[in-house]
Amino acid sequence: MQERRDGQQETSRRGFLAAGIYGLGSIIAGSLGITSALYLLRGPRKKRGTEWADAADASVLRAGAPAKITFNRTRVDGWKISNQKDTAWLIRNVDGSLTAFSPLCTHLGCAYQWRAEAGPSKNGAFVCPCHGSSFSRTGQVITGPANRPLDRYEVKREGERIWLGSLVKTPRSNA
Ligand code: FES
């Protein structure tokens with residue numbers, strides 16, 4: 001009699017443990033399933049619009065004199081967030097507005113430089129060493145083979161800080 005009771009207790013203990021293990025397994029499987037489903041259904045974070053970068057202090061600029069600046073830009077691509085170094089040529093125009101050019105020649109993408117004595121009037125031009133293209137202070141093509149003006153960054157000023165946004169490709173020159 002005692003043996004049968006012990007056997008029954010042993011059986012119910014085993015059943016309880018088995019139910020606990022199955023229950024715990026179900027909870028773990030359920031939470032993994034829900035997490036995976038949310039991951040797959042939500043997809044990666046959408047790319048936001050313009051990603052503005054705090055690029056420079058306005059004090060680096062002298063009116064009409066291009067200044068080459070280097071700045072950090074944070075890029076969000078899906079789940080990947082990276083920090084990358086960017087460069088731009090910044091100019092404070094005579095009317096106080098700002099222009100920020102991409103540092104790459106629109107011919108084949110070489111880095112160009114500002115030459116204060118270059119250009120038709122010897123009052124400065126951006127000169128590309130690779131194939132001889134040159135561009136005016138406003139980014140227009142002076143000499144080819146480049147056939148597009150310099151590309152520009154969106155630019156805005158907040159107090160003394162200058163912010164650069166997306167790069168805007170310029171269309172091909174008509175001339
Ligand atoms: S890359 Fe600048 S002229 Fe060719």
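This is a predicted model: local features need pLDDT of at least 70, side-chain atom pairs count only at pLDDT 80 or more; totals for chains, interfaces and linings use all residues.
Visitor: How many helices and strands does the chain have?

Guide: Helices (H or I, at least four residues) and strands (E, at least two) are DSSP runs, numbered from the N terminus. Here the chain has one helix and 10 strands. From the N terminus, the order is α-β-β-β-β-β-β-β-β-β-β.

Visitor: In what order do the six strands of the open sheet lie?

Guide: Start with the rule: two strands pair if DSSP finds at least two bridges between them. The six strands follow the order 1-10-9-4-3-2, with antiparallel pairing. Strand 1 and strand 2 (67-77) are the edges, each pairing on one side only. From one strand to the next, the twist averages 40 degrees. Axes for such angles are lines fitted to C-alpha atoms, for helices over the stretch in contact; angles run from 0 to 180 degrees between N-to-C directions. D57 stands opposite R161 in strand 10.

Visitor: Which strands make up the open sheet of four?

Guide: Its order is 5-6-7-8, and its pairing is antiparallel. Three bridges link strand 5 to strand 6 in the antiparallel sense. R115 stands opposite A125 in strand 6.

Visitor: Which residues have the most contacts inside the largest nonpolar core?

Guide: In soluble globular proteins, nonpolar side chains tend to be buried together. A nonpolar core is a set of buried Ala, Val, Leu, Ile, Met, Phe, Trp, Tyr and Cys residues joined through C-beta atoms within 7 Å. Buried means 20 or more other C-beta atoms within 10 Å of the residue's own; exposed means 12 or fewer; partly exposed is in between; C-beta atoms are placed from the backbone. The largest core here has 20 residues, and A88, L90 and A100 have the most contacts inside it. Strand 1 (53-57), strand 3 (80-92), strand 4, strand 6 (125-127) and strand 10 (161-168) each give two or more residues. The largest share, four residues, comes from strand 3. Over the chain, 16% of the 175 residues count as buried.

Visitor: What is A88 in contact with, beyond its neighbours within four places in sequence?

Guide: Contact means C-beta atoms, placed from the backbone, within 7 Å. With those neighbours left aside, the partners of A88 include A55, I69, A100, Y153 and L164.

Visitor: Why does T106 count as buried?

Guide: T106 counts as buried because it has 24 C-beta neighbours inside 10 Å. T106 lies in the loop between strand 4 (98-101) and strand 5 (113-115). Beyond its neighbours within four places in sequence, T106 contacts A146, R148, L150 and D151. T106 and P149 are 43 residues apart in sequence, yet 7.0 Å apart C-alpha to C-alpha.

Visitor: Is K122 buried or exposed?

Guide: K122 counts as exposed because it has 10 C-beta neighbours inside 10 Å. K122 sits in the loop between strand 5 and strand 6. Its phi is positive, about 55 degrees, although K122 is not a glycine.

Visitor: Where is a cis peptide bond found?

Guide: One joins G144 and P145, with omega about 15 degrees. P145 lies in the loop between strand 8 and strand 9 (152-158).

Definitions and conventions:
Residues are numbered from 1 along each chain as its sequence is written. Two residues are in contact if their C-beta atoms, placed from the backbone, lie within 7 Å.
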